[in-house]
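Biologist: Before I use any of these labels, I would like to see the criterion behind each one. Please put the values next to the cut-offs.

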Amino acid sequence: MKKILSLAFLLMLSLSIFAQRQVTKFLAIPVDGSRTAMIQKLKAKGFGYNSYVNALEGQFNGKDVWISVQANNNKVWRIVVIYKNNFDKEQIKVQYNHLINQFSNNPRYKVFDAEELTDKDNIYREVSINKKQYQAIFYQLPDDENIENRLVWFTIKEDSNDPQEYSIVIFYENGYNEANGEDL
């Protein structure tokens, strides 16, 4: 009987570990669990809480960032990373393209839709005037049947105080915990 219980326990443990690996990770932390637990894990990674903006702050990928933890029914479904520093319309192209190259050349990601910006792209006209959203979309591997639930994407965000200044916003999403209309 002990052997059967031990085997059942090991099976359940291995299933939970396997399931945990199948969600998006941010800094090797599964984008899952409670918002409070995620914030504590991020604090343990060196991020500090800033009550003025109600977000964590620190360094990510060599940039000063704000980090927001978004939850649905107290289950984390998205980590939002916002670059603190703004860039002009030419610098943002360089930052955006650099990030595309970093994700594209990282074996942990699969490109879904990512197109680099060119000299022909007029960021001010398209983002600030036409409200176009440039975005690059990647899936976080391992590549299996539920890859669409491990989405990582980023976009260019216009500064609300200066329409000629821009930043990058990166989203790490766990599609399993996203609201899908179940509360409607």
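Biologist: What share of the contacts in the chain with a separation of 6 or more comes from residues 24 or more positions apart?

Modeller: Such residues account for 53% of those contacts, where contact means heavy atoms within 4.5 Å. This is a predicted model, in which local features need pLDDT of at least 70, side-chain atom pairs count only at pLDDT 80 or more, and totals for chains, interfaces and linings use all residues. Residues are numbered from 1 along each chain as its sequence is written, and side-chain values use heavy atoms, with hydrogens and water left out.

Biologist: How many helices and strands does the chain have, and what makes a run count as one?

Modeller: The chain has four helices and 10 strands. Both are DSSP runs numbered from the N terminus: helices are H or I with at least four residues, strands are E with at least two. Along the sequence the pattern reads α-β-β-α-β-β-β-β-α-β-α-β-β-β.

Biologist: Why is Ala28 called exposed?

Modeller: Exposed means over 50% relative accessible area, buried under 20%, and partly exposed in between, with a 1.4 Å probe and protein chains only. Ala28 has 62% relative accessibility, so it counts as exposed. Ala28 sits in the loop between β1 and β2 and has a positive phi of about 70° although it is not a glycine.

Biologist: What makes Lys131 exposed?

Modeller: Its relative accessibility is 58%, and therefore Lys131 counts as exposed. Lys131 belongs to the loop between α4 (123-129) and β8; although not a glycine, Lys131 has a positive phi of about 60°. For the chain of 184 residues, 39% count as buried.

Biologist: Which residues of helix α2 are buried, and how do you know which side they are on?

Modeller: In α2 (residues 35-44) the buried ones are Met38, Ile39 and Leu42. They cover an arc of only 100° around the axis, so they are on the same side of α2. The arc is taken from the directions from the helix axis to the C-beta atoms. Thr36 and Ala44 are exposed on the other side of α2. The cover over the buried residues includes β1 (25-26), β2 (29-30), β4 (55-60), β5 (63-72) and β6 (75-83).

Biologist: What makes a space a cavity and not a pocket?

Modeller: On a 1 Å grid over the protein atoms alone, a cavity is a set of points where a 1.4 Å probe fits but cannot get out, whereas a pocket is an open set with protein on both sides within 12 Å along at least five of seven lines; lining residues have an atom within 4 Å of a point. The search of the whole structure finds one cavity of 30 Å³ or more, and the largest cavity has a volume of about 40 Å³. Among its lining residues are Arg35, Ile39 and Tyr49, and β5 gives the most to that lining, with three residues.

Biologist: What is the volume of the largest pocket, and which residues lie nearest its centre?

Modeller: The largest pocket holds about 350 Å³, a volume being the space filled by probe spheres set on grid points joined across faces, edges and corners. Of its 20 lining residues, Asn106, Arg108, Tyr109, Gln140 and Tyr172 lie nearest the centre. α3 gives the most to this lining, with three residues.

Biologist: Where is Pro142, and is its peptide bond from Leu141 cis or trans?

Modeller: Pro142 is in the loop between β8 (135-140) and β9 (150-158). The bond from Leu141 to Pro142 is cis, with omega near 25°.
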